[in-house]
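Reader: Hi! Could you walk me through this model before I set anything up?
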Amino acid sequence: MDGAKRPVKLQNQPPKSRSLRLRLALWLSAAIAAVAVVAGAYAFWQTFDEVHDLQDDVLRQVAALVHHAGEEGMQALQYATDDDELDIDDDAQVRIQALGQPAAKGDVALPDTLPNGLHTLDFGGDSYRLLVHSLPSGKRFAVMQETSLRDEIALNSAWLTVLPLLLLVPLLVLMTVLLVHRMLKPVAALAQEVDARRDTDLHAVPQQALPSEIRPFVNAINRLLARVEQSMAAQRRFVADAAHELRSPMTALSLQAQRLAGAEMSPSAQERLHTLQQGIERNRRLLDQLLTMARAQEASAAPVEPVELNTVFRQVLEDLMPLAEARHIDLGLVEGAEGHGLHLRVQVVDALTVVKNLVDNAIRYVPDGGRVDVSARAAGGSLVIEVQDNGPGIAAADRARVLERFFRLPGIKVEGTGLGLPIAREIAVRHRSELLLGNGMAHTSGPGCGLRATVLFAPDLLLTFSTQDVQTDPQDSAPEPQAL
C-alpha cells in the first residue's frame with residue numbers, strides 16, 4: 001500500500017539573499033535606529049524632568065521674593081499678577097494666594113492645613129503645582145501654577161531636544177549605506193574581474209585594493225588557481241606527449257600500408273587496405289590537431305616578431321592548394337584584400353595555424369566545384385581576416401557548438417576531428433581576439449547559405465607600413481612597421 005507522499009526538497013533551489021552589503025547596511029541601520037530611539041527617549045525624559053525642576057525653581061524664587069517683600073509686598077505682587085493690562089495669559093501666570101482667609105473671586109479653595117513645601121493638587125478638575133510658604137509674621141501663602149501649562153512647556157522643550165536627533169537618523173542611515181557600498185566596491189570589482197576571465201586564464205587574483213579581512217580568502221583562491229593551473233598544465237603535457245609519442249607508430253603503420261599496397265592482392269583486400277589507410281590518415285590528422293591544440297593553449301614566452309599577412313596567406317595556399325585542386329575548388333585571395341602591407345604582432349605559427357585551419361575547414365566541407373575566398377583588411381584600427389565559402393554552412397543555433405572541441409554536426413559525412421575551429425578560436429582568444437561565424441557567399445539563412453569565418457584581432461596587434469616610409473630605391477632598407 002502506498003504511503004502518504006512527502007514533499008520533495010529541491011536541492012537546486014536558489015538560496016536566500018546573503019548579500020554582505022545588504023546585511024551589513026541593514027544591521028548598521030538597525031543599530032543606529034535602536035541607539036537613536038534609546039538616546040532620544042533618555043534625552044526626552046531627562047529634558048522633561050529638568051524643565052519641571054526649573055519651573056519649581058521659579059515657584060521658589062517667587063516665594064523668596066514674597067518673603068522679603070512682606071505682607072504688603074505680597075498684596076502688591078498678587079494684584080500685579082491679576083492686572084489685565086499686563087496682557088499675561090491666565091494659563092501662563094504664576095498665582096499668589098494667601099491661606100487662612102476668605103477666598104476671593106477666581107481664587108482656588110486651598111485648605112489651611114497644607115504643610116509648607118511643594119504639592120501637586122487637583123481643584124475643580126484642574127491640576128496645580130504649588131509651593132506653600134510662611135512669612136515672618138506667621139501668615140502663610142501659596143505660589144501656584146497650572147500643571148497643564150507646565151507639561152506643555154516641558155513637552156515642547158523635550159521635543160526640541162530630540163528633533164535634531166530624529167532628523168539625523170535618516171542621514172546616518174544613508175551615509176551608512178553609501179559607506180558600506182564604497183567599502184565593498186573593491187570586492188565587487190574583484191568579482192567582475194574574475195567573472196570576465198576565460199576558462200584558461202588562471203593567473204593570481206590581485207590583492208592590492210582588497211581589505212585585509214578578504215585577503216585570506218583571496219589567498220586561498222590563488223592557491224586553488226595555482227593547483228588548477230598545474231593540473232591543467234600536466235594534462236596538456238600528457239596530451240602533447242601522448243600525441244607526439246604516437247606519431248612515430250602511426251607513421252610506421254602508414255609506411256607499412258603503403259608497402260602493402262604495392263603487393264598483389266584481391267580487390268576485396270585492396271578495398272580493406274584502402275579503408276585501413278584512411279583510418280591511419282585520420283588518426284595521424286587527429287594527432288597533429290591534438291599537438292596543435294596543446295601548443296595553442298600554451299602561452300609562448302618567445303619574442304614576437306611582426307609577421308606579414310601576405311606571407312602567411314601565400315604559405316597556407318601553397319600547402320592546401322593540392323587538396324583544393326583535387327576537388328576542383330576555386331581557392332584564392334579576394335582581389336584588393338590580399339593583406340599587402342599588413343603585419344600582425346603574433347607568433348608566426350599562431351597566424352599560420354589560424355588561417356590554415358579556417359581554410360582547411362572550408363575546403364573539406366565545400367562540395368566539389370565550390371569556392372573558397374580568403375581576404376584581409378584593416379577596419380576601425382583592427383585587422384579582419386575572413387574565410388568564406390559557398391558550402392552548406394552552419395545553422396545559427398549550431399555556430400556556438402561547433403567551436404567546442406570534438407563536436408561534429410549530425411549527418412555530416414566529411415571526415416574530420418572536430419578540432420579545427422576550436423583551435424582557431426583558442427589562439428584568437430589567447431591573443432584577446434575573437435572568432436565569429438556567419439553566413440557566407442550565398443547570403444541566405446537556410447541550407448546552403450555558406451559559411452563566413454571572421455577573425456577580429458585586437459587593435460594593438462595590427463601593424464602597417466606608412467606611405468612615407470616606402471622606399472623606391474632597392475638598396476634602401478625595408479621600412480619599419482608602424483602601429484595604427
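Reader: What does the chain average in pLDDT?
Author: The chain averages a pLDDT of 75, and 78% of the residues score at least 70. pLDDT is the predictor's confidence in each residue, from 0 to 100. This is a predicted model, where local features need pLDDT of at least 70, side-chain atom pairs count only at 80 or more, and totals for chains, interfaces and linings use all residues. Residues are numbered from 1 along each chain as its sequence is written, and side-chain values use heavy atoms, without hydrogens and water.

Reader: Where is confidence lowest, and where highest?
Author: Strand β13 (residues 482–483) is lowest with a mean of 37, while strand β11 (residues 451–456) is highest at 90. Helices here are DSSP runs of H or I with at least four residues, strands are E runs of at least two, and both are numbered from the N terminus.

Reader: Thanks! Switching to sheets: in what order do the 4 strands of the open sheet come?
Author: The order is β1-β4-β3-β2, with antiparallel pairing. Two strands pair if DSSP finds at least two bridges between them. β1 (95–98) and β2 (117–123) are the edges with a single partner strand each, so one side of each has no neighbour in the sheet.

Reader: And how many bridges join β3 to β4?
Author: There are 7 between β3 (residues 126–134) and β4 (residues 140–146), and Val132 stands opposite Ala142 in β4.

Reader: What about β8 and β9, how do they pair?
Author: They are antiparallel over 8 bridges, in a hairpin with 2 residues between the strands. Gly380 in that turn has a positive phi of about 65°. β8 (residues 371–379) also runs parallel to β6 (residues 330–333), joined by 4 bridges.

Reader: Last one: at what angle do α6 and α7 pack?
Author: About 30°, with axes 10 Å apart, for α6 (residues 309–326) and α7 (residues 348–365). That makes α6 roughly parallel to α7, a label for angles under 35 degrees. Axes are lines fitted to C-alpha atoms, for helices over the stretch in contact, and angles run from 0 to 180 degrees between N-to-C directions.

Reader: Which residues meet there?
Author: Among them are Val312, Phe313 and Leu320 in α6, and Leu352, Val355 and Ile363 in α7.

Notes: Parallel < 35°, antiparallel > 145°, perpendicular 65-115°, else oblique. Contact = heavy atoms within 4.5 Å.
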